[in-house]
Amino acid sequence: MSKLNGKIALITGGTTGIGFATAQRFLSEGAEVVITGRRQAELDSAIKRLGSNVLGVQGDVSNLADLDRLYATIQKQKGHLDIVFANAGVGSFAPLGAITEEHFDQIFNINVKGLLFTVQKALPLLKDGGAIILNASIVASIGMEAFSVYSATKAAVRSFARTWTTDLKARKIRVNVISPGTVPTEGYRAWVTKSKWTNLLPRWRPKSRSDGWVCPMKSLKPWFSWPQMIAALSPAPSSWWTAE
Ligand SMILES: NC(=O)c1ccc[n+]([C@@H]2O[C@H](COP(=O)([O-])OP(=O)(O)OC[C@H]3O[C@@H](n4cnc5c(N)ncnc54)[C@H](OP(=O)(O)O)[C@@H]3O)[C@@H](O)[C@H]2O)c1
């Protein structure tokens, strides 16, 4: 029997990148999947490519009314959730001295406020013994040039995993956090090509397969294993994994 058979999983930001690949993995392991994203066209395309057992709900995680509408839809159509992968996130660059209020608000609103309320508003629907997985980044723990605001949001996400583990202990809901290195997704490519700080890019690129701090797994290729890791953190057999 597939490990996620019969489980209902929410993946915010499931239309592209890590979220989309995770939706594919969850479906292949027998789960029903709910995906979200702000762009309706991307959502429609993702639903089509993923096939059956997928529900798509358009919305912005930083908009609390959108989250209420998401959970009302899940309540009506699925009844409950077993897994929440709070993945939706954005990044952009600005060195200290050039950080604007808009840059700060946009990244914190989505990556911190949006993620917090994604999880908090999911709690009434999430079954006891369920799993929450948060998407942070290696930059939470390193000093990558011009990436301070994004890195601070990911440090907050790592901290949430630890405190929420204790908050949710009584319900046996496990909270884990993943910290990917560079993953060449649609989002990553857009962040780096649109940035006015692209002159800094050569300093960030992995110089070789052994450039461990940019890429802890020492190659860009193993990013395909993140969905496998996220799936492994989800079902009951991994019930001793929490706050990782
Ligand atoms: N790629 C990397 O190198 C890397 C490394 C470490 C961590 N991460 C983290 O991994 C997560 C996914 O990133 P990715 O690289 O897979 O990027 P991606 O390809 O751009 O995917 C991001 C997904 O999130 C959605 N999204 C963005 N903002 C949203 C919002 N406010 N509300 C709802 N959905 C939203 C996007 O759809 P819409 O734009 O249509 O909303 C898309 O579905 C992010 O949290 C990112 O910080 C990425």
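**Helices, ligand shell and loops**

Trainee: How are α4 and α5 oriented relative to each other?
Mentor: This is a predicted model, in which local features need pLDDT of at least 70 and side-chain atom pairs count only at pLDDT 80 or more, while totals for chains, interfaces and linings use all residues. Residues are numbered from 1 along each chain as its sequence is written. The axes (lines fitted to C-alpha atoms over the stretch in contact, with angles from 0 to 180 degrees between N-to-C directions) of helix α4, residues 101-122, and helix α5, residues 148-167, come within 9 Å and cross at roughly 15°. With a cut-off of under 35 degrees for the term, α4 and α5 are therefore roughly parallel.

Trainee: How many nonpolar residues does the contact of α4 with α5 hold?
Mentor: In contact (C-beta atoms, placed from the backbone, within 7 Å) are H103, F104, I107, F108, N111, V112, L115, L116 and V119 of α4 with V149, Y150, T153, A156, V157, F160 and W164 of α5. Ala, Val, Leu, Ile, Met, Phe, Trp, Tyr, Cys and Pro count as nonpolar, Asp, Glu, Lys and Arg as charged, and the others, Gly among them, as polar. On that scheme this contact has no charged residues and three polar ones, and its nonpolar residues number 13.

Trainee: At what angle do the axes of α3 and α4 cross?
Mentor: Here L64, L67, D68 and Y71 in α3 meet F117, T118, K121 and A122 in α4, and these residues divide into five nonpolar, one polar and two charged. The axes of α3, residues 64-77, and α4 come within 10 Å, and the angle at which they cross is roughly 35°.

Trainee: In what order do the elements of the protein chain run from the N terminus on?
Mentor: The elements are DSSP runs, with helices (H or I) of at least four residues and strands (E) of at least two, and the protein chain has eight helices and six strands. Read from the N terminus on, the order is β-α-β-α-β-α-β-α-β-α-β-α-α-α.

Trainee: Which residues are the closest of those that surround the ligand?
Mentor: The shell around the ligand divides into eight nonpolar, 19 polar and five charged residues, and the elements that give two or more residues to that shell are α1 (17-28), β2 (32-37), α4 and α6 (186-194). A residue belongs to the shell when its C-beta atom, placed from the backbone, lies within 6 Å. Of the 32 residues that surround the ligand, the closest are G13, G17, R38, G89 and G187.

Trainee: Is A146 buried or exposed?
Mentor: A146 is found in the loop between β5 (126-135) and α5, and A146 has a positive phi of about 70° although it is not a glycine. A residue is buried with 20 or more other C-beta atoms within 10 Å, exposed with 12 or fewer, and partly exposed in between. With 21 C-beta neighbours inside 10 Å, A146 counts as buried.

Trainee: Where is N53 found?
Mentor: N53 is not a glycine, yet it has a positive phi of about 65°. With 14 other C-beta atoms within 10 Å, N53 is partly exposed. N53 is found in the loop between α2 (40-50) and β3 (54-58).

Trainee: What distance separates the C-alpha atoms of T163 and V175?
Mentor: T163 lies in helix α5 and is exposed, with 11 other C-beta atoms within 10 Å. T163 and V175 are 12 residues apart along the chain, and their C-alpha atoms are separated by 9.2 Å.

Technical notes
Angles under 35 degrees count as roughly parallel, over 145 as roughly antiparallel, 65 to 115 as roughly perpendicular and the rest as oblique. Two residues are in contact if their C-beta atoms, placed from the backbone, lie within 7 Å.
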